[in-house]
Each structure stands twice: as structure tokens, then as C-alpha cells.
Amino acid sequence: MSFTFQIPDRAQLKGLNFIRKVFERGAGIPGFISFGIGNPASEAIPVEAIQEAFDHVVHTNPIDILQYGPMAGDARLAEQTIERLVKVRHMPTEGQQLLISIGAGQDLGLVPRTLCEPGDEVFMDAYSFTSGINAVRNVGAKAVGIAMDDFGMIPEALEEAANKGKGKYIYLIPNFQNPTGITMPLERRKAIYSIAAKYNLFIYEDDPYGEIRFTDTIVPTFKEMDTDNRVIYAGSYSKTLSAGLRVGFLYGPKQAIEAIQALKNNQDGQMPLVTQRVVSRLLDVIDYDAQIKHVSTVYKEKADLMMQTLRAHGSDKVHFVEPTGGMFLWLTMPDGVDCDAFFEACMEHKVGIVPGAAFAADGVPAGQSFRFSFTFPSKEQIVAGMTIVGQLTKSFIK
């Protein structure tokens, strides 16, 4: 008789992982073009500078990085990060603390594990980042999807949900949102902040793409206008330097960050010191603003090319959010179009896209939308793939 074990419901994958499905189905197929994986562009990574930084770090007191390091992370990197948050992003200093993490992705798990009890509700955009949704579900909390419009989360819908009294925090990606590409305007941010204050909610501001802008317009972060110290801000060096280095951070109220740090110490331990030192070295020797500008230029060219190709070859009845930064394009088909069949047709034509259902929070329908990532594919792949997608939209939309 074999041993059987019942895996707790909160630890089980909820629903089909469409992103993995696209990746697995496309793997090994010659000529397959994937717009499904949100990887940074290889040509935007400062490879030579990173090689030099590794060489410097490894040959400068190597025993220091080969031992256990401080749980709180590298002090010099923390200093550099806070300096930029304060001087460039205009964030407050009083009562704040920084935590260095294994990318911003680790923070998605740390925050609900620290703040939520089973049964708590976390409010988020109706369509939001899959890992943010699942991290909430995996601690026994509920990821409540709040209705959106062209400006992001609708304040009235948020207040209706918050009025039930079960909320713990609001999870938002206000800049170039994943998956929709929407940037929330300032007045909408102020309205959301007021509701958070009224119902005593934290705001978890996830901003990994925030500096990858295609225009000169800068909307203040929630953290910048955090007058009563309720915003936990997450950032990352993955999208601006290298995803593989896995270096991110949380910045927020000292009491909350201390609690998150303690949980991280007890359950996750320290993150590799070598990668932190590499990022710190890079911030010392390269022009980081110029690097961000380079990434932004590469991504804008690809985003423009994707939209131009879709306009040239696609149906004029499709709607897409024109991104002003970030990594994603959100395309919506008219009501009545069989989006399951459209997805399969794209796959059959060797083009991978991600259905909106992959990003639907609790209580949200699958919808008629798809996410396209324009960062990793080459320009030639973007033209070829979006030509196919555009032609298929015409055949599906009568």
C-alpha cells in the first residue's frame, strides 16, 4: 500500500498556466515566434559591463562573497538604491526602510505571506500579473479583481469592494501595467490613495518597468505622494540591467519592512551576495540613466513596429492599448469572436500569444483580450508574427 498525501488547496496551482502552455507548445517547433514570454531584450543587456563587474567582484576579496553574507543584503547596494529612490524618484525618507530581494518576484510572495491571514482580501486590477494573483491565493487569501477602464482600476468599484471590510491591501502596477500596458494618470492615483486611507489599506506598488518610458511624461509614484506611510514600493534591476542577476527591492514603512525582512530571514534566508555586488559595481561605473534610456529606445522601436504591423495587416475592429513604456501590448477582439479558436489558429500558424484569461483575478471573466510582449523577439520576428496575427484578425472578424 503506497503512501498518499493530500496537498493543501492553497498550495495547488489554480487554473491553467497559459504562459507555460504557450512556451511548452512552441518549444522545439522550427520557426515558432513567441510573443508570450515577458523576457527583456537580449540587445538591451549591458553584457560587457556585467562581465567586467563580475571580474572585479570575484577578484576583489573573493572570500567575502563566498561566505554567508548579511541577511539584510549588501549595505552599499542598499545605499545606492535609496539614494536613487529619494533623489530621482522623489520618495520620502522618514520612517522608511529598504529590503533587497531576489528580484521583484520574491516580493510578490513575501508581502502576502507577511500581511495576510486566510480569508483576507487583496484588491487588484481585474487583469493583473499572474504571479501576483497566485501568491495571494497561496496564502489562503482572495485575489479580488476590481473593474478597470482605460485609466486602470476604477475607484468606485474599489470602494464598493473595500466597504465589505475584508481587505488588507491594494496590489497595483500603475506604470505600463502587466498585462494591459495602461499607465494610471495622477488624478486616478490620488483617488485610489484616498480610498486606501479611508479603509486603512496598504498599497503594494509593483513598479519593475516604471523607468522604461517612451515619452518624457512622468507620473508620480504612489510612494512619492505617500503622506501617511501606507505604500510598500517594489522595484527591480531585472528590466534595466539583467533579469538573470535577480536583484530587486522593497521600500516602505519601517514596521512593515522589518516584519517582511524577519519572515524572509526565517524562511528564505539570504540572497546571493555576488549578484548584489555586481549590480552595485555597475551602478558605480556605468551611466545608469543612459542605460535606462537605451533600454527604453530599444523597446519603443519594437513596440512601434508591432503596432505599425498590426495596423497595416489587421482588422480595424480590434482595439489595443498603445503603451507609453514597459513591455506589453494588450489587444482586445470584438464581442462575439471565438477567442479560443483565435488562440489556436495563432498557435497553428506558429505564433504564441497569451489569452487574457491567464491574468484574470478572482471574479473576473476570461474576456476577449490577449497580451503580446514586444521586448524579446527580434524586429524580423515581430514583423513576421504580427503580419500573421493581423491577417487572422481579419479572418475571424466578419
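How do the residues of the lining of the largest cavity divide into nonpolar, polar and charged? They split into seven nonpolar, five polar and four charged, where Ala, Val, Leu, Ile, Met, Phe, Trp, Tyr, Cys and Pro count as nonpolar, Asp, Glu, Lys and Arg as charged, and the others, Gly among them, as polar.

Before you select anything, note that this is a predicted model, in which local features need pLDDT of at least 70, side-chain atom pairs count only at pLDDT 80 or more, and totals for chains, interfaces and linings use all residues. Residues are numbered from 1 along each chain as its sequence is written, and side-chain values use heavy atoms, with hydrogens and water left out.

**First stop.** Select Arg-89, Glu-211, Ser-236, Phe-249 and Tyr-288: of the 16 lining residues, these are the closest to the centre of the largest cavity. A cavity is a set of points on a 1 Å grid over the protein atoms alone where a 1.4 Å probe fits but cannot get out, and lining residues have an atom within 4 Å of a point. Its volume is about 170 Å³, meaning the space filled by probe spheres set on the points, which are joined across faces, edges and corners.

**Next stop.** The second largest cavity has a volume of about 50 Å³. Select its lining, including Asp-125, Met-148, Leu-172 and Gln-177.

**Last stop.** Select Tyr-127, Trp-330 and Phe-359, a cluster linked by ring pairs (Phe, Tyr and Trp rings, the six-membered one for Trp, with centres within 6.5 Å).

Key: 1 Å grid on protein atoms, 1.4 Å probe; cavity = no way out; pocket = protein on both sides within 12 Å on 5 of 7 lines; lining within 4 Å. Phe/Tyr/Trp six-rings, centres within 6.5 Å; stacked < 30°, edge-to-face > 60°.
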